[in-house]
Amino acid sequence: MSQPMDRQAEFSGTRDVRAAHRFDEQALTDYLQTHIAGFTPPLTVEQFKGGQSNPTYKLVTASASYVLRRKPPGKLLPSAHAVDREYRVIRALHAQGLPVAKPHLLCEDAAIIGTEFYVMDFVGGRVFWEPFMPGISGTERAGIFDELNSFMANLHAVDIDAAGLTGFGRPEGYVARQIKRWSEQYRASETEKIPAMDRLMDWLPDASPSSGQVSLVHGDFRLDNCIIDQASPEIHAVLDWELSTLGDPIADFTYHLMQWRMPPSETGAGVGSLIGHEDLEGVPALEDYVAAYCRRRGLNSIPDLDTYLAYNFFRMAAIFQGIVGRVRDGTAANPHAAEMADLVSPMADVAWDYARKAGA
């Protein structure tokens, strides 16, 4: 059996641009010189190692560094890779003072580099690719967990109208629509029969929970989508807003809780897990973490927790199957995408376990 990868080494930093994701750098330089004040060639382009969905590049110039996110080239699933929505929400939250990178521009003209893209500031700091954060003190680990919890509560308290995000999504029926959407995406990407996924797609539509609350939701909030200060637990920027919309904040928060129950990947290619690290100093118990969020939001508890977790593990399994589908179609952004195939079924099994706890 091969050794599990070192996720921190594997996903941190940049690399040369992959052949499938190259573009005309001179055309980009010319465009950005015209559209970003102070943009000063020459331009060096590198590709970030991490990330599965939208290819992401570091742009280094004589005066500043930027980040470019683009749709991947090739055949894409309907409504996926919505960089325009991602740009809109980052622009809105930056104006509200939430920790996101400063956005510069959205280019919807695919003729420039072959697909739509947007550009934002490069933000320095630490990215932890393991949710248990090896190599730091228990006090700092506890502080970072508290920052994550606080960010979720603050995000879910954003005034949607004041932020200019009215109409950013249909708030009613969020989870039900997500179940329908990810069932369709799963079918479009399916490469083998997974019985637990079929059972979940039968059960979830009638069981879909709703908290009755509406907020902006991130859709993929986890530690490795955050840039943390080098010397403190402070979050400098939250990344990867591709799945953000208006919806149920409890669905968003319980997605974030999956790290406590995520099936560990033997190869390390999947999402990090806290399983086996629960007793590490500074890792809060799941129940305590839920209670802290509820205190911040003025909630007594989270009813239907098991149903929300069943939905979220199902959704994550469908997202991973989408990555496997992109391997099949030749559009996967990450070199480890093929290893995701082994993770879909274990996540579906965890989802079904929660569904059974919820009465399925």
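Guide: L106 has Y118 as its bridge partner in β6. Two strands are taken to pair if DSSP finds at least two bridges between them; strands themselves are DSSP runs of E with at least two residues, and helices are runs of H or I with at least four, both numbered from the N terminus. The model is a predicted one, in which local features need pLDDT of at least 70 and side-chain atom pairs count only at pLDDT 80 or more, while totals for chains, interfaces and linings use all residues. Residues are numbered from 1 along each chain as its sequence is written, and side-chain values use heavy atoms, with hydrogens and water left out.

The whole sheet is open and has 6 strands, ordered β1-β2-β3-β4-β6-β5, with antiparallel pairing. Its edges are β1 (14-15) and β5 (103-107); each has a single partner strand, so one side of each lacks a neighbour in the sheet. In general, strands of a sheet pair through backbone hydrogen bonds, either parallel or antiparallel.

Strand β3 (residues 56-60) has 4 of its 5 residues buried, so the rest of the structure largely encloses it. Buried denotes under 20% relative accessible area, exposed over 50%, and partly exposed in between, with a 1.4 Å probe and protein chains only. Strand β2 (residues 44-48) is joined to β3 by 4 bridges and runs antiparallel to it, with E46 opposite K58 of β3. Strand β4 (residues 65-70) also pairs with β3 in the antiparallel sense, over 5 bridges; here V60 stands opposite S65 in β4. A hairpin of 4 residues leads from β3 to β4.

A search of the whole structure finds 13 aromatic pairs; rings of Phe, Tyr and Trp (its six-membered ring) pair if their centres lie within 6.5 Å, planes under 30 degrees apart being stacked, over 60 edge-to-face and the rest tilted. Y31 and F117 form an edge-to-face pair, because their ring centres are 6.0 Å apart and their planes stand at 75 degrees. This pair links distant parts of the chain, 86 residues apart: Y31 lies in helix α2 (residues 25-35) and F117 in strand β6 (residues 117-121). Y31 and F117 are both buried.

Finally, consider the nonpolar cores, defined as sets of buried Ala, Val, Leu, Ile, Met, Phe, Trp, Tyr and Cys residues joined through side-chain atoms within 4.5 Å. The largest has 94 residues, and L93, L148 and M316 are among those with the most contacts inside it. Helix α9 (residues 305-329) contributes the most to this core, with 13 residues. Apart from that core lies another of 19 residues, including V17, L32, V45 and L68.
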